[in-house]
Amino acid sequence: MSFVPSGLPMDNLSIYLKLGWRNLCLHPLRTILTAAALGIGIAALTFLSAMDDGWMQQIKTNFALTMTGHIQIHAEGFEDSRKLAQRITDPQAVMKAISNISGIQTMTRRVRVSGLASSAGANAGAFIYGVEPEAEQRLSRLATFISKGVWLPAGDQRAAVLGDGLADRLGIGIGDKLVLMASVPGGDIASEVFRVRGLIHSGVMDVDDMSVIVPLTTAQQWLGIGQAVTDIVIRADSFERVTPLAGNLKTALVGQGMEVLRWFDIDPMAQQWADFADAYTWVVLLIVIIVVLAEVLNTMLMSMHERVREFGLMSALGVTPAQVFSMVVWETVILVLIGGFSGFMIGGGLSLWYGEYGIDLSQFAIAFSFMYMDPVIHPLLQADSVLRILGAALFGAIIAGLIPAWKASRLEPASALREL
Amino acid sequence: MSDVLISASGLTRYYESGELKVAALDGVDLLIERGAYVVLAGRSGSGKTTLLNMLGGLDRPDSGSLVIAGQNLLTMSSAGRARFRLCHLGFVFQAYNLIRVLSARENVAYVLQLQGVKKKQRFQLADQWLARVGLQGFENRRPDQMSGGQQQRVAVARALATEPDLVLADEPTANLDSHTGESLMDLMRKLNEERCTTFVIASHDPAVIASARTLITMQDGKIAPVETL
């Protein structure tokens with residue numbers, strides 16, 4: 001009497017794993033070398049990905065919080081025209097209307113205008129910002145970039161803070177007089193005199209070479225716009241909340257002639273930088289994955305060719321081609337899991353360590369600051385990135401394992417058994 | 001149920017060597033009854049192993065027909081032939097061919113696992129068969145920790161553990177000393193008598209040939225008249 005085979009695939013999982021593990025242990029040096037190559041690759045992938053995520057976070061944070069904010073509300077069409085004619089005439093009402101929307105950490109008002117900055121001996125084009133000195137410090141990082149002097153002092157209506165590059169071009173320093181001129185609604189040119197109280201150095205060219213910051217109330221009087229502002233700038237609780245928050249703001253302000261723009265709507269370049277850096281990193285990751293998987297493929301092919309007779313024997317014993325195929329794939333998976341897990345532990349550990357203490361790349365600080373990056377990078381280990389890497393490695397390894405598995409499953413038992 | 005286990009007709013198999021076409025099997029007709037103990041004798045290259053491979057579904061003839069246990073092997077897919085081997089056949093090879101990373105018990109239990117036998121039962125059966133072939137106490141040894149004779153006994157236990165209709169043995173004593181070889185043949189003959197399992201053994205070992213109940217002599221891919229002893 002013969003037994004009838006039943007439940008073959010699942011019941012055989014344990015034997016696949018046992019055979020896979022023991023076959024790997026049969027050649028410990030080869031297994032260790034392959035797993036080490038895989039581990040180093042996964043460690044590099046994990047660390048590079050964490051670096052990439054850290055960079056991205058820095059670029060986004062620095063761009064959004066240096067000046068722009070997460071979201072800006074303008075009068076409809078202002079972002080394109082930049083004309084004071086398109087202004088928010090009752091900003092208090094707008095702020096009250098949106099104050100109960102969740103996701104807003106803080107908000108402030110600004111007047112933004114292009115004009116001419118003049119000193120006794122020179123003049124230069126400038127972006128002039130009228131800001132609320134106290135509220136601005138809660139929203140942006142401008143005040144933290146003071147390199148000389150002080151941030152706009154409370155009650156000093158004639159104070160001005162400007163970028164150190166612009167100050168150099170104008171040949172002025174702390175305490176010097178600065179004259180600002182700009183077009184006002186109606187077409188006239190108005191000017192106002194300020195005293196330089198502070199210089200900022202952010203590393204961002206637009207800010208350092210072009211910006212002048214003055215108190216909001218003085219700017220409003222000088223430009224003759226009453227209580228009106230050009231921007232209501234919002235800092236969200238997090239980057240993840242920016243898009244849903246912008247949607248809620250649009251809903252709340254519908255029909256009021258307002259435009260609601262996210263940070264990357266205002267300057268798509270920053271997002272493009274982030275996307276480019278992201279794409280570049282993934283190209284590197286792809287190359288590393290290909291190299292590592294070539295190693296896995298090589299090992300599994302060697303192993304398969306050494307065991308042709310064994311596969312012929314298994315076939316003779318009644319193992320179907322599909323089962324031989326599964327067995328080799330499982331062996332590959334075990335190898336990848338060993339290398340992948342050890343690599344992830346190393347890469348993840350390094351990412352957490354440097355995430356805490358940072359990687360100092362200040363030698364390249366100028367290039368980094370241009371791209372809104374800090375000279376000290378803090379890798380950021382994100383679950384979705386890690387899952388993507390491990391998933392890609394596992395998927396790739398299975399693909400690499402398919403070739404030897406397919407070859408093993410296609411062996412003719414009689415000729416395989418003749419192999420030495 | 002017919003007493004005929006194997007029915008082969010006109011089995012032909014050619015091998016190509018350069019431009020030369022050599023008939024390894026040349027129109028072999030064969031009828032073997034259940035419970036038979038058959039020895040295929042003949043010189044090297046006479047076609048014994050080729051015929052054994054055909055009977056085991058390990059190779060396909062260029063022409064002819066082959067029915068074993070009522071099933072036509074030549075119309076089956078690779079997977080179908082593998083399942084047929086699992087359910088109906090057992091193999092003993094000249095080079096033992098145990099799985100080197102598995103212990104004696106695991107080697108025997110492996111085919112039972114393929115049949116879906118539960119863990120506890122398959123290990124019990126494996127231990128019983130190892131004891132039956134005189135290897136009690138060797139259950140946890142791996143092939144490289146056993147002698148050739150011991151490994152071949154494990155192979156016999158593995159071949160018989162699934163209670164197949166037919167056991168095919170290819171030069172089972174070729175790598176064994178004469179005493180161990182005789183002992184193995186005694187065991188196989190005893191199992192044949194006790195369990196009525198059909199054995200077809202290819203060998204040119206005189207001791208094996210002497211143990212045959214049915215002797216088939218092969219020459220140049222053909223069968224000489226069958227001789228029942």
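**Chain contacts and salt bridges**

Mentor: Keep in mind that this is a predicted model. Between chain A and chain B there are six residue pairs in polar contact, both residues being at pLDDT 80 or more.

Trainee: Which elements of chain A give two or more residues to the side that touches chain B?

Mentor: Helices H1 (8-11), H2 (13-26), H13 (308-317), H14 (321-357) and H17 (413-418) of chain A. By class, that side of chain A has 18 nonpolar, 10 polar and eight charged residues.

Trainee: How many residues are in contact?

Mentor: 36 residues of chain A with 39 residues of chain B. The buried area between the two chains is about 3200 Å², and carbon and sulfur atoms give 58% of that.

Trainee: And how many salt bridges are there between chain A and chain B?

Mentor: Three. One of them pairs B:Glu106 with A:Arg22, with the closest N and O atoms 2.5 Å apart.

Trainee: New topic. How many salt bridges are found over all chains?

Mentor: 24 in the whole structure. Among them is B:Lys222 with B:Asp26, at 3.7 Å between the closest N and O atoms. B:Lys222 is in strand E10 and B:Asp26 in strand E2 of chain B, 196 residues apart.

Trainee: What about B:Arg132?

Mentor: B:Arg132 forms a salt bridge with B:Glu194, at 1.9 Å from N to O. B:Arg132 lies in helix H4 and B:Glu194 in helix H6 of chain B, so the pair ties together parts 62 residues apart in sequence.

Conventions. Residues are numbered from 1 along each chain as its sequence is written. Chains are lettered from A and ligands numbered from 1 in the order in which they are written. This is a predicted model: local features need pLDDT of at least 70, side-chain atom pairs count only at pLDDT 80 or more; totals for chains, interfaces and linings use all residues. Side-chain values use heavy atoms; hydrogens and water are left out. Contact means heavy atoms within 4.5 Å. Buried area is the accessible area (1.4 Å probe) that two parts lose on being put together, summed over both. A salt bridge is a side-chain nitrogen of Lys or Arg within 4 Å of a carboxyl oxygen of Asp or Glu. A polar contact is a pair of N or O atoms within 3.5 Å; within protein, one must be able to donate a hydrogen and the other to accept it, and residues adjacent in sequence count only if both atoms are side-chain atoms. Helices (H or I, at least four residues) and strands (E, at least two) are DSSP runs, numbered from the N terminus. Ala, Val, Leu, Ile, Met, Phe, Trp, Tyr, Cys and Pro count as nonpolar, Asp, Glu, Lys and Arg as charged, and the others, Gly among them, as polar.
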